[in-house]
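This report describes the fold and selected local features of a protein chain. The sequence and the model are shown first, and the description follows.

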Amino acid sequence: THDQGRDLLAADSILRGNATLIGPTTGLAGLFHGPLWYYLLAFLSFLGQGDPKIILGGIILLFLVFEIILFWMIKNYYGFLPAFLLIAIISLSPFYSGLNGQLWSPNMVLVSSMIMAIAVVGIINGKKWYPLLGLALGFNIQFEAAGGIFLLIATMLTLLLINPLKTKIKDYLVMLSTFFITLTPQLLFELKYGFLMTKHAVGYLGAPREDFIAEHGIKTIEYKTGLIIDNFSKVFFDNVDSSLILFLVSFVLFSKLLFLKKGLDDKGLKLLTHCFSTIIIFWVVINFYFDVVWTHFIDGLIIFLILAFVVLLRNLSKHFKTTTYLFSSFLIFAMLIPQLRSINPNQNIVGDISYYKNRLEIIDDVYKDASPNDFNVVVYEPTTFSYQYDYLFMWYGNRRYGKIPVSNETPVRIAYYLIEPDNISGRREKWIKERDGEGVVLWEKTYWNTNFVLQKRIRENIQ
């Protein structure tokens, strides 16, 4: 996609020696995420020679490493059942499997929030892992600024107001010191450019602005609450009805535990208190946020919901072992079935240009037809940016065919027009009409019955 192409180009630029102090743009003009995502991509791109599949594989491997570490910690401190449920839910979750298939900076919060959970579990069980917690909070902001800030506020208020971890002043100082280390690139950027982002941020807070996105109640408490519930439901099932049934059954089971006054042990109670407090305070904070709350802002909360769920089941199993094991077995089976049904490797891939495999087919056709001539490539892409094609021609075209298209700043006789479908009626047709005089169309080809068109044009005025 547009974002992935932009980020991979930035990673390639870093490998060419062009360091950066900022990362991708945020939804607010003039404000940027941190550069950690770009440097991580650059490292994986170096290892994988620019192949997006290998880069994505590296991200997934990183996620699996921290998933295993969290499993090991839960097993050591809380027992095998909650650890097994944790890793089973994460592995089978449509939420996690859906996001782990995309190279996108906010999705890395799934990793950084897991590091955060590891630190919290360690602290509850006597480890002085506040430096790790500070790093994780900073990584959240590096990858997703708004969601990371919300999670930072929720965590700090939990520690200050409720303090389930019994945090001391010295611990706060250590945590904040490592947190600010992660912000070093942005701080250097601010010093270099006269606190440019700070001025923009203050401007957004101090002056009302026209709202071009949220015109129909998208900022309301009902919407933001529904967004959290919807994200939470997708942890277990894509189907909302199935998630509702799970919630009702869980409510009955946990209510049974409560009414029978079966108490939690201290470390279980601390972890539950931290998880629920973080979730509730996060919900309060986003309702004070002046702008749109997007789904990915909430991704960092998911691990705390899962932790609370498995710890409650752990305590339930102490008093109602058979009921808990039956419930857990049914849950895993119910989550496994949809995953098995979606194993078809070609499902929703052929003809879907969000998969770069399909774009490579088009790029191959361009090179085979043009060989050995030089050519330009002109792209119509609904976002108006052609980053994904720029990267694929640079990486794949150069590696396989030993050349890249000539820059459009230097027009040559042969040009290929890659014209993507557009859901907005008339926009694509207008773009094509505006380019009627840009050479004679020799042929055009439509791909996969998707209205994706490849044109070959000859510019007769250029020899």
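Where is P372 placed? P372 lies in the loop between helix 17 (356–370) and strand 1 (376–380). The peptide bond leading from S371 into P372 is cis, its omega being near 0°. The model is a predicted one.

**Overall composition**

The protein contains 19 helices and four strands. It has 463 residues, and buried residues make up 50% of them. Of the contacts between residues at least 6 apart in sequence, 74% join residues at least 24 apart. The accessible surface amounts to about 23,000 Å², and carbon and sulfur atoms account for 64% of that area.

**Backbone features in loops**

Most residues other than glycine have a negative phi, and most peptide bonds are trans. The cis bond from S371 to P372 has been noted above. Two further residues deserve mention for their phi values. Q49, which is not a glycine, has a positive phi near 55°. Its place is the loop between helix 2 (36–48) and helix 3 (52–78). With a relative accessibility of 63%, over the 50% limit, Q49 counts as exposed. F195 likewise is a residue other than glycine with a positive phi, near 55°. F195 is situated in the loop between helix 10 (184–192) and helix 11 (196–206). Its relative accessibility is 44%, and F195 therefore counts as partly exposed, a class that lies between 20% and 50%.

**Helix packing**

Two packed helices are described by the angle between their axes and the distance between the axes.

| Helix pair | Angle between axes | Distance between axes |
|---|---|---|
| Helix 8 and helix 14 (residues 266–286) | about 125° | 8 Å |
| Helix 6 (residues 109–124) and helix 15 (residues 302–319) | about 40° | 9 Å |
| Helix 7 and helix 9 (residues 169–182) | about 35° | 7 Å |

G147 belongs to helix 8 (residues 145–162) and is buried, because its relative accessibility of 6% is under 20%. Beyond residues up to four places away in sequence, G147 touches F282 and F297. The C-alpha atoms of G147 and V109 are 8.8 Å apart, although 38 residues separate the two in sequence.

Helix 6 and helix 15 pack at about 40°, which makes helix 6 oblique to helix 15. Here S113, M114, M116 and A117 of helix 6 meet I303, F304 and L307 of helix 15. The contact comprises six nonpolar residues, one polar residue and no charged residues.

The crossing of helix 7 and helix 9 is right-handed. Helix 7 supplies Y130, P131, L133, G134, L135, L137, G138, F139, I141 and Q142, while helix 9 supplies D171, V174, M175, T178, F179 and T182. By class this contact has 10 nonpolar, five polar and one charged residues.

Is Q142 buried or exposed? Q142 has a relative accessible area of 2%, and since the limit is 20%, Q142 is buried. Q142 is part of helix 7 (residues 130–143). Apart from neighbours within four places in sequence, its contacts are H33, G34, P35, L36, S105, T182, L183 and Q186. Of these, T182 is named in the contact of helix 7 with helix 9.

S233 belongs to helix 12 (residues 221–233). S233 has a relative accessibility of 12% and counts as buried. Its C-alpha atom is 10.0 Å from that of I302, a residue 69 positions away along the chain.

Note on methods. Residues numbered from 1 in each chain as written. Predicted model: local features only at pLDDT ≥ 70, side-chain atom pairs only at ≥ 80, totals over all residues. Heavy atoms only, no water. Helix = DSSP H or I, 4+ residues; strand = E, 2+ residues; numbered from the N terminus. Buried < 20%, exposed > 50% of the residue type's maximum accessible area, 1.4 Å probe, protein only. Contact = heavy atoms within 4.5 Å. Areas by Shrake-Rupley, 256 points an atom, 1.4 Å probe, with all protein chains shown as cover. Axes fitted to C-alpha atoms, helices over the stretch in contact; angles between N-to-C directions. Parallel < 35°, antiparallel > 145°, perpendicular 65-115°, else oblique. Nonpolar A, V, L, I, M, F, W, Y, C, P; charged D, E, K, R; others polar. Left-handed = near helix turned anticlockwise from the far one by under 90°.
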